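Visitor: I would like to learn how to read the packing of a helical model with some care. Could you take me through it feature by feature?

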Amino acid sequence: MLAREVRILFRKEWRQLVRSRGAMLTALLLPIILLVIVPGLQMLGMKTGAAKPMNLPPGVVLPRGLREMVDDPLAMMRAMLVPFIALGGLIVPSVTASYILITERESRTLELLVALPVRVGQILLAKLLALLALASLVTLVLFSVDAVLILGLGLGSPGYVLALLAVLLTSLTFSTTTALLVSLLARDFRTANNINGLLIGPTILVCFFVTLAVPGPFLSSLLLAALFAIGSVVATFVAMKVVTFERLLR
């Protein structure tokens with residue numbers, strides 16, 4: 001059960017999020033492209049096109065994650081859908097957190113929280129839950145479109161869909177916790193966006209590396225989900241330890 005203070009702060013954060021036109025446009029536009037348009041066109045193209053097993057030249061060895069392409073023409077689509085789902089979960093919270101928190105700091109509304117009988121940990125938890133709730137609501141609705149296409153077109157099993165869902169949820173949590181920490185410590189939009197870019201860039205590379213190195217999209221999805229979960233715990237622990245009211249208002 002959440003403390004009464006956290007529930008009150010959560011409602012305040014939620015109202016601020018849904019009333020922010022810039023944050024809502026960011027939360028809707030990028031996920032539609034990453035989670036619906038690009039994967040949807042790829043899946044429809046693979047299903048309607050003349051997909052045939054790949055004939056590789058002698059001596060060519062594919063990465064372990066793509067070796068199924070030799071016998072299964074749909075393996076490439078299933079493998080590449082994993083990093084796209086992860087990317088959809090990574091982008092939304094990072095941009096939204098920077099937009100909301102930096103704006104709140106510049107408008108000096110954060111100073112009002114200091115006068116309230118709340119702890120900094122409760123403020124962080126409320127912000128974390130509000131960002132995660134918005135990002136999850138948007139991305140899960142869009143992910144359901146992918147799930148229907150995958151199952152309806154016979155492109156993957158229910159287990160594969162659940163593995164993709166695990167990647168989406170854990171990438172959302174990882175991105176939310178790290179973006180919140182960065183936005184709390186950064187002084188302006190430019191700094192926050194630069195640091196977020198430095199974090200997301202290597203993370204995306206790790207997603208593609210795991211996809212190529214681990215055999216099968218199911219196993220690669222589970223490994224990515226585990227890595228995102230560990231990263232979320234670390235970022236939350238650091239935020240609770242280093243963020244104070246002084247840093248919050250700086």
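Guide: Let us begin with one side chain and its neighbours. Contact means heavy atoms within 4.5 Å, and in this predicted model Phe 143 touches Ile 85, Val 161, Leu 164, Leu 165 and Leu 168, not counting residues up to four places away in sequence. Residues are numbered from 1 along each chain as its sequence is written, and side-chain values use heavy atoms, with hydrogens and water left out. As the model is predicted, local features need pLDDT of at least 70 and side-chain atom pairs count only at pLDDT 80 or more, while totals for chains, interfaces and linings use all residues.

Visitor: Which residues touch the most other members of the largest nonpolar core?

Guide: A nonpolar core is a set of buried Ala, Val, Leu, Ile, Met, Phe, Trp, Tyr and Cys residues joined through side-chain atoms within 4.5 Å, where buried means under 20% relative accessible area, exposed over 50%, and partly exposed in between (1.4 Å probe, protein chains only). Here the largest such core has 39 residues, and Leu 81, Ile 85, Phe 143, Ile 150, Leu 164, Leu 224 and Phe 228 touch the most other members. At least two residues of this core come from each of helices H2 (21-48), H3 (75-106), H5 (120-152), H6 (158-185), H7 (189-213) and H8 (217-242), and H5 gives the most, with eleven residues.

Visitor: How are those helices defined, and how many does the protein chain have?

Guide: Helices (H or I, at least four residues) and strands (E, at least two) are DSSP runs, numbered from the N terminus; by that rule the protein chain has nine helices and zero strands.

Visitor: Is Thr 170 buried or exposed?

Guide: Thr 170, in helix H6, counts as buried because its relative accessible area is 16%. Thr 170 touches Ala 225, Phe 228, Ala 229 and Ser 232, again leaving out residues up to four places away in sequence.

Visitor: What share of the residues in the protein chain is buried, and what share of the contacts joins residues at least 24 apart?

Guide: Of the 250 residues in the protein chain, 44% are buried. Among contacts between residues at least 6 apart in sequence, 82% join residues at least 24 apart.
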